[in-house]
Amino acid sequence: MLLTRRNIILGGAAVCLASGGGVAATWFNVFGDASEQGALSVDQAYQRAVAGDIYLIDIRRPDEWDRTGIAQPAIALDMRRDDFETVLQYIFDQTGVRPVALICARGVRSDRMTARLQSAGFTDVLDVPEGMLGSGAGSGYLKRDLPLRVPTQVERSGRIGQG
């Protein structure tokens with residue numbers, strides 16, 4: 001095959017599309033699976049949180065909470081906080097230890113944070129791979145029309161766990 005300018009451009013475009021497809025598949029959690037060990041569907045997470053069997057923690061950013069609302073039974077706790085694990089431990093200390101289920105937009109961040117918390121010694125950490133917006137694991141919390149609430153001032157300010 002001759003290496004012409006056209007072939008190089010077309011080949012480069014194909015590589016960009018292929019790698020972009022991989023990035024998009026990851027971003028939208030196309031391969032998410034709510035049937036995996038340690039994963040819950042949004043329906044299961046909602047029902048268990050309402051029953052008091054788990055804490056449902058929304059780990060998205062405050063601007064995301066403002067755009068969509070927060071799952072009615074969830075605690076909003078921005079995963080970018082330097083003291084995320086300390087605040088989670090504070091919540092346990094104040095209200096009693098029980099399993100935690102993490103939810104984000106599409107299950108990508110919750111999967112990563114689940115692994116991080118398990119490495120830090122937290123046990124019984126579950127992932128909600130559908131997320132709020134849906135993924136390959138399912139349609140998501142919003143499309144299921146499950147109850148929502150607005151974030152509190154304390155959640156928005158990041159003062160949870162500060163006395």
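This is a predicted model: local features need pLDDT of at least 70, side-chain atom pairs count only at pLDDT 80 or more; totals for chains, interfaces and linings use all residues.
Is F92 buried or exposed? F92 turns out to be buried, with a relative accessible area of 7%.

1. Taken together, ring pairs make a cluster of Y55, F92 and F122.

2. **A charge on the ring.** Have a look at R98 while you are here: its charged end sits over the ring of Y55, 4.1 Å from the ring centre.

3. **Helix 4 and its two sides.** Helix 4 (residues 84-95) is 12 residues long and reaches 17 Å from first C-alpha to last, close to the 16 Å expected at 1.5 Å a residue. Its buried residues are F84, V87, L88, I91 and F92. Viewed down the axis of helix 4, these fall within an arc of 145 degrees, so they line one face of the helix. T86, D93 and Q94 are exposed, on the face of helix 4 turned away from the buried side.

4. **What helix 4 packs on.** The buried residues of helix 4 pack against strand 1, strand 3, strand 4 and helix 5 (108-119). Just past the end of helix 4 comes G96, with a positive phi of about 100 degrees.

5. **L88 as an example.** L88, in helix 4, is buried with a relative accessible area of 1%. Leaving aside residues up to four places away in sequence, L88 touches I57, L77, V100, L117 and F122. The L88 and I57 C-alpha atoms are 9.2 Å apart in space, though the two residues are 31 apart in sequence.

6. **Strand 1 and its neighbours.** Strand 1 (residues 55-58) points Y55 and I57 one way and L56 and D58 the other, and all of them are buried. Four bridges join strand 1 to strand 4 (residues 100-103), and these two run parallel; here I57 stands opposite L102. Strand 1 also runs parallel to strand 3, joined by two bridges, with A76 of strand 3 as the bridge partner of D58.

7. **I75 in strand 3.** I75 is found in strand 3 (residues 75-76). At 22% relative accessibility, I75 counts as partly exposed, as the cut-off for buried is under 20%. Setting aside residues up to four places away in sequence, I75 touches Y55, L56, I57, D58, I91, R149 and E155. The list takes in I91, one of the buried residues of helix 4. I75 and P151 are 76 residues apart in sequence, yet their C-alpha atoms are 8.8 Å apart in space.

8. **Helix 2.** In helix 2 (residues 42-51), the residues V42, A45 and A49 are buried. They cover an arc of only 60 degrees around the axis, which puts them on the same side of helix 2. Q47, V50 and A51 are exposed on the other side. What covers the buried residues of helix 2 includes strand 1 and strand 4. After helix 2 comes G52, where phi is positive, near 85 degrees.

Definitions and conventions: Residues are numbered from 1 along each chain as its sequence is written. Side-chain values use heavy atoms; hydrogens and water are left out. Buried means under 20% relative accessible area, exposed over 50%, partly exposed in between (1.4 Å probe, protein chains only). Contact means heavy atoms within 4.5 Å. Two strands pair if DSSP finds at least two bridges between them. The expected span of a helix is 1.5 Å times one less than its number of residues. The arc is that of the directions from the helix axis to the C-beta atoms. Rings of Phe, Tyr and Trp (its six-membered ring) pair if their centres lie within 6.5 Å; planes under 30 degrees apart count as stacked, over 60 as edge-to-face and the rest as tilted. A charge sits over a ring if NZ of Lys or CZ of Arg is within 6 Å of the ring centre and within 35 degrees of the ring normal.
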